[in-house]
Amino acid sequence: MEVKAIPVCIYCGKPFAEQELPQAFLRLPVIGEKLRYVPQCDCYEKQREKEEAERKAKEEKELLLKQIEELYSRSRLTPRFRRRTLQSFFPRNEKQKEALALLFEYVSLFNTAREKELNGFYLYGAPGRGKTHLAAGVANELLKQGVPCVYVKTGELLSAIREKFKSGDKEEVITPLKEVDLLILDDLGAEEKQEWFIADVFRIFDWRLEMLLPVIITSNLTVDEVAERYGERIASRIKRMCRIIEI
Ligand SMILES: [Zn+2]
């Protein structure tokens, strides 16, 4: 008489139960054997669920990475700027050390603390002090968290608005800067002086102040010098939106 080994669960070792099957099934060699024994545990089901969950998690992660990639391309951060992170900034004096600590705290609390007054920074000081590096570092950190940021050099913004103005759709440039979660405007004051541009910058700042949307600005100018160059209205918006940090 033929002795058949009863299959066991490969996960927990519990033997399968044998089923009564019509003779017709048993004559089919592969399918018959498969139908004849059924597991008495839910290991196989659990394994399928686990694999399904892993597949979903992988898909979600890929989607997030894709979205982050899109955020990066919209943020105008060039590959060179992407390497400027808060981790790769090495402070050379106390002011830089304090600013770095504040910005680390800022990015770690961004999602809980963003909707309040003074939720931005005005980083000013002489050229070469690392203002741009710190500002780009904040953008890089928040983009990795999936927070939409736009980082733009003020001079490039002026050119982009002028370019779009010719074709009559400069709002295409301005609207995203009004609405993005965090706007980083680098090197305010380095661009050529234009009254129409000052009016556009004011509109962006005013909207963001009303909506409690943060701005980070870097500049060689003190806020008093901003008032002289851009007018008191812009300087007062900056003072209401930003903590003013000398670097
Ligand atoms: Zn099992």
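How many of the five residues of strand S6 (residues 215–219) are buried?

**Before selecting anything**

This is a predicted model, in which local features need pLDDT of at least 70, side-chain atom pairs count only at pLDDT 80 or more, and totals for chains, interfaces and linings use all residues. Residues are numbered from 1 along each chain as its sequence is written.

**The whole chain**

Along the principal axes, the C-alpha atoms fill a box of roughly 105 × 50 × 30 Å.

Next, colour 1–51 and 76–246 separately: these are domain 1 and domain 2 in the domain assignment, whose bounds come from an automatic or database source. Their C-alpha centres lie 65 Å apart.

Of the 247 residues, 27% count as buried. A residue is buried if 20 or more other C-beta atoms, placed from the backbone, lie within 10 Å of its own C-beta; it is exposed with 12 or fewer, and partly exposed in between.

**The sheet**

Select S4, S5, S6, S3 and S7. They form an open sheet of five strands in the order S4-S5-S6-S3-S7, with parallel pairing; two strands pair if DSSP finds at least two bridges between them. At the edges are S4 (149–153) and S7 (242–246), each pairing on one side only. From one strand to the next the twist averages 10 degrees, using lines fitted to C-alpha atoms as axes (for helices, over the stretch in contact) and angles from 0 to 180 degrees between N-to-C directions.

**Strand S6**

Now select 215–219. Five of the five residues of S6 are buried. Val 215, Ile 217 and Ser 219 lie on one side, Ile 216 and Thr 218 on the other, and both faces are covered.

Look across from Leu 183 to find Val 215, and from Leu 185 to find Ile 217.

**Strand S3**

Last, select S3 (residues 120–124), which pairs with S6 in the parallel sense over four bridges. Phe 121 stands opposite Ile 216, while the bridge partner of Leu 123 in S6 is Thr 218. S3 also runs parallel to S7, joined to it by five bridges; there, Arg 243 is the bridge partner of Phe 121.

Why is S3 largely enclosed by the rest of the structure? Five of its five residues are buried, so the strand is largely enclosed. Gly 120, Tyr 122 and Tyr 124 take one side, and Phe 121 and Leu 123 the other.

Technical notes: Helix = DSSP H or I, 4+ residues; strand = E, 2+ residues; numbered from the N terminus.
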